[in-house]
Amino acid sequence: MKKLLCLMMAVLLACSFTACRDNKPSQYQDFADNYTDRLPDNAEDGLTLHAFNWTYNQIRENLENIANAGFKNVLTMPVQQPKSGGSAWWAFYQPLSFSIGDKSSLGSKDDLVALCREAEKYNICILADIVANHMATTDDEGKEEDGTPTVMAAVADYEPVLYANRNEDTDGNGVTFHHNKNAKGSGAETQYYPYGNLPDLNTANPYVQGRILSLLEECIDAGIDGFRFDAAKHIETSQDPDYASDFWENTVGKAKEYYKKKTGKNLYVYGEILNSPANRPLSYYTSMMLVTDDGFASQYKSAVSKKDPNMILNATLKVDDATKLIAWVESHDEYVSSNTHYTPIRIAKYWAVIAAKKGLGGLYLARPTDGLEVGKIGSYAYESERVAVSNRFHNRFYDAESYESVDGTCYVVEKIGNNDQGVLIINLGDITPQKTVEVAVPHMESGNYYDALTGNKVVVDKGVAKVMFDSNGVAVITRSRDIHPQLTISERDCSFTDDLEVTMNAKNYDEGYYWFNNDKAGKTDISAETTLHMKDHVSDSKVDLHVYLRKGINVFEQTFTYKKMETVEGRFNVLNLDPSYLNGDYELYIWSWLPGKWSKDYEIRDGVMLVDTTGMTGFLIAIFPKGYEITNLNEWDSNVIKQSADIKDDVLRSGFVDMSGF
């Protein structure tokens with residue numbers, strides 16, 4: 001009899017649990033919800049967009065979209081005067097100066113100031129990349145007698161004291177570059193830079209420290225709200241066992257005081273520390289700044305293929321305090337050195353983990369073009385709703401209690417704040433369209449919630465959420481019903497000659513239309529997919545395409561501009577060159593890659609450079625001082641002031657290039 005009673009009780013308990021998980025939940029009313037999307041007040045509480053290879057003006061023109069995508073901070077390229085004017089991304093990591101660059105392909109100091117002022121309107125903080133460990137070298141082989149790299153002579157134009165004292169103390173300011181190639185202990189990492197042939201600054205030298213502090217203060221005066229320090233691991237701390245110095249106290253420490261006095265806020269600073277510093281703990285750096293955690297995402301990147309959410313749950317950080325770290329899915333170094341890349345959709349899935357991790361700073365790479373051109377935006381994936389919903393979730397709950405768990409194939413992050421709750425779920429299993437999946441959310445209050453990406457209602461009943469995942473398996477669930485309209489567009493803000501076909505895809509909108517130029521009266525209702533031909537809408541040699549979408553209270557409104565170019569047939573047309581390059585203020589040379597040779601084999605006609613590219617695989621344009629003559633036309637000349645990116649492949653085949661901004 002006792003066995004029968006026990007069996008009956010077990011069946012009843014099982015049925016009760018099944019009813020909780022499988023039966024229709026109780027009907028709930030929507031929560032009262034007055035939340036509106038907004039960026040955090042402080043840089044340290046937000047996420048960062050790395051505007052890799054963008055000019056200052058390009059960042060400024062895209063600030064509204066950046067804010068709408070939920071990024072609080074934008075990281076620029078290094079702001080110092082770059083080698084060769086910044087013709088390639090790596091040239092910015094070989095600076096000539098410790099002042100804001102005056103001949104940089106990023107733009108002028110005035111452009112940077114204008115960017116910072118405009119960013120304030122959107123509550124966005126601009127972060128400047130700083131290279132303080134090393135400076136520009138002559139070439140990959142140039143060495144001093146002691147085997148240390150040769151400092152590029154152009155440094156003398158901007159930093160005469162640093163250059164004059166590079167090998168010996170000539171004027172009482174001390175030797176300004178390290179000559180300790182064989183230093184041992186922690187000095188092996190801080191006295192000689194092992195990556196590339198780059199001269200390592202003597203960061204213990206008070207004059208060097210003063211020049212770097214001057215740069216930081218100049219940036220703060222321009223409106224900069226924070227800094228990234230390149231190669232921070234290779235600069236010693238005051239606690240190092242070997243070759244210690246007060247560099248960080250006299251630069252970052254004083255800059256923090258300067259910024260606090262000027263703004264009343266805390267300066268946001270992080271240092272690039274890949275792997276971990278040798279012979280010293282990470283705490284030597286984290287006492288002064290945030291540091292990068294390059295290993296966090298790498299621990300769970302295979303979780304998707306293995307369908308194992310525990311790989312995400314068990315991924316560890318460099319230090320226990322997440323607020324000391326900034327992580328990424330991919331860095332610019334990883335991107336440019338890799339032959340394979342994850343799709344933007346996969347990146348968005350990995351990014352959701354970083355955005356949801358309590359206290360962790362996140363850096364999202366705006367990918368460059370395939371040719372890594374400076375001054376061209378390679379990808380607008382940062383704007384996609386798959387990224388934006390995770391950013392908005394982060395901003396909404398950055399100071400809420402966070403609970404991570406796994407249920408089946410799902411990784412779950414619950415956020416419990418004051419009178420607000422939400423949950424981000426990543427389903428690594430197979431997704432069946434229109435199928436509801438039950439996911440345990442034990443901390444969530446029962447009620448109606450909504451997926452920010454699809455708009456689907458998600459009912460939470462007694463600690464279980466019924467979720468219908470989209471194809472990517474990510475659900476960002478809050479109490480807000482309003483979702484954002486979405487637009488993808490095949491081409492934007494570019495030039496064309498005969499015609500340009502542009503395809504727009506729109507979804508999640510109640511109202512949508514587009515119009516050309518100033519003819520808003522002639523607006524046309526947008527469809528899910530719309531194909532347009534720009535040649536049919538040219539006015540004053542350009543086309544302005546205006547698009548408006550609305551979903552509830554959320555509005556997408558943007559203008560895309562396309563330039564109609566007139567070209568000369570039979571020659572390659574270099575359009576919109578700066579007139580100062582053509583009027584005799586400089587010497588203008590072409591370097592062709594096959595064969596490797598300098599020449600002036602071009603014609604200037606009505607402000608257009610016409611080049612005969614017969615037999616060329618590609619070329620670049622280089623600017624030299626007025627009157628300068630290249631003596632050896634078959635070797636690269638490092639006296640170049642500024643050089644363009646390589647013009648090759650599809651650009652060469654198109655017959656023209658728009659050099660606006662060079």
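Leu-201 is buried (under 20% relative accessible area, with a 1.4 Å probe and protein chains only), its relative accessible area being 0%. The structure is a predicted model, in which local features need pLDDT of at least 70 and side-chain atom pairs count only at pLDDT 80 or more, whereas totals for chains, interfaces and linings use all residues. Residues are numbered from 1 along each chain as its sequence is written, and side-chain values use heavy atoms, with hydrogens and water left out.

Leu-201 is located in the loop between α7 (187-190) and α8, helices being DSSP runs of H or I with at least four residues, numbered from the N terminus. When neighbours within four places in sequence are set aside, the contacts of Leu-201 (heavy atoms within 4.5 Å) include Phe-98, His-134, Phe-177 and Val-208. Its C-alpha atom is separated by 8.6 Å from that of Arg-166, 35 residues apart along the chain.

The axes of α8 (residues 206-222) and α9 (residues 247-263), which are lines fitted to C-alpha atoms over the stretch in contact, with angles from 0 to 180 degrees between N-to-C directions, come within 9 Å and cross at roughly 25°. The two helices are therefore roughly parallel, a term covering angles under 35 degrees. Among the residues that meet in this contact are Ile-212 and Leu-216 of α8 and Val-252 and Tyr-258 of α9.

Trp-248, leaving aside neighbours within four places in sequence, is in contact with residues including Phe-229, Tyr-285 and Met-288.

How values were computed
Parallel < 35°, antiparallel > 145°, perpendicular 65-115°, else oblique. Buried < 20%, exposed > 50% of the residue type's maximum accessible area, 1.4 Å probe, protein only.
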